[in-house]
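Visitor: Could you walk me through this one before I set anything up? I'd like to go feature by feature.

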Amino acid sequence: MGLFKEFKEFAVKGNMIDMAVGIIIGTAFNKVVDVLVKQIIMPPLSMITDGVNYADRKIILKEGVGTEGAADYVNEVSIGYGLLIETLVDFFVIGFVVFIVVKFMNRFRNKAQDPKNSKVVTPKDIELLSSLNDLMEEQNKLLREKQS
């Protein structure tokens with residue numbers, strides 16, 4: 001029974017829900033980036049490079065021999081580097097977007113954690129720490145004046 005209670009507390013705290021939402025959004029975002037790269041970025045790049053379809057680009061190590069479907073047919077052996085190029089473009093698009101989102105979120109977090117900023121509601125723990133810091137500075141100032 002303790003395990004169930006512990007799991008319930010974990011799920012209710014939001015950790016599991018936040019993780020699930022992140023995974024779902026990440027999966028959907030991956031599909032969007034995949035379409036963006038394959039349907040919007042790669043066709044103009046293919047046009048610029050004289051009609052090269054990057055997904056089909058490969059280095060053939062050994063040609064296929066025989067008729068496909070026959071008993072003596074030997075498959076072609078090749079290194080498909082074109083798909084790697086598309087995947088790298090996917091990676092760079094995702095990396096850039098994640099960088100922009102993190103930068104944007106850090107800007108909001110920094111504003112929210114600034115106790116002197118009255119436009120944004122500062123979390124209570126930051127307000128408390130700021131008040132303690134101000135009191136400690138005031139106390140140190142009084143002690144220095146007393147020592148002088």
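Visitor: Which residues make up the largest nonpolar core?

Guide: Bearing in mind that this is a predicted model, the largest nonpolar core consists of 5 residues, namely V33, V37, M42, Y54 and V93.

Visitor: And which helix gives the largest share of this core?

Guide: That is helix α2, residues 15-48, which contributes 3 residues to the core.

Visitor: Switching topic, how do α1 and α2 sit relative to each other?

Guide: The axes of α1, residues 2-13, and α2 come within 4 Å and cross at roughly 55°, and that angle makes α1 oblique to α2.

Visitor: Which residues meet there?

Guide: From α1 the residues are F7, F10, A11 and K13, and they meet N15, M16 and I17 of α2; sorted by class, the contact has 5 nonpolar residues, 1 polar and 1 charged.

Visitor: Is α1 largely buried or in the open?

Guide: Of its 12 residues the number buried is 1, so α1 lies largely in the open. Its end C-alpha atoms are 17 Å apart, which agrees with the 16 Å that 12 residues should span at 1.5 Å a residue.

Visitor: What about the span of α4?

Guide: Helix α4, residues 124-147, has 24 residues and reaches 35 Å from its first C-alpha to its last, close to the 34 Å expected. With 2 of the 24 residues buried, α4 also lies largely in the open.

Visitor: Where does P123 lie?

Guide: P123 lies in the loop between α3 and α4, and at 34% relative accessibility it counts as partly exposed, since that class runs between the 20% and 50% cut-offs.

Notes
Residues are numbered from 1 along each chain as its sequence is written. This is a predicted model: local features need pLDDT of at least 70, side-chain atom pairs count only at pLDDT 80 or more; totals for chains, interfaces and linings use all residues. Side-chain values use heavy atoms; hydrogens and water are left out. A nonpolar core is a set of buried Ala, Val, Leu, Ile, Met, Phe, Trp, Tyr and Cys residues joined through side-chain atoms within 4.5 Å. Buried means under 20% relative accessible area, exposed over 50%, partly exposed in between (1.4 Å probe, protein chains only). The expected span of a helix is 1.5 Å times one less than its number of residues. Axes are lines fitted to C-alpha atoms, for helices over the stretch in contact, and angles run from 0 to 180 degrees between N-to-C directions. Angles under 35 degrees count as roughly parallel, over 145 as roughly antiparallel, 65 to 115 as roughly perpendicular and the rest as oblique. Contact means heavy atoms within 4.5 Å. Ala, Val, Leu, Ile, Met, Phe, Trp, Tyr, Cys and Pro count as nonpolar, Asp, Glu, Lys and Arg as charged, and the others, Gly among them, as polar.
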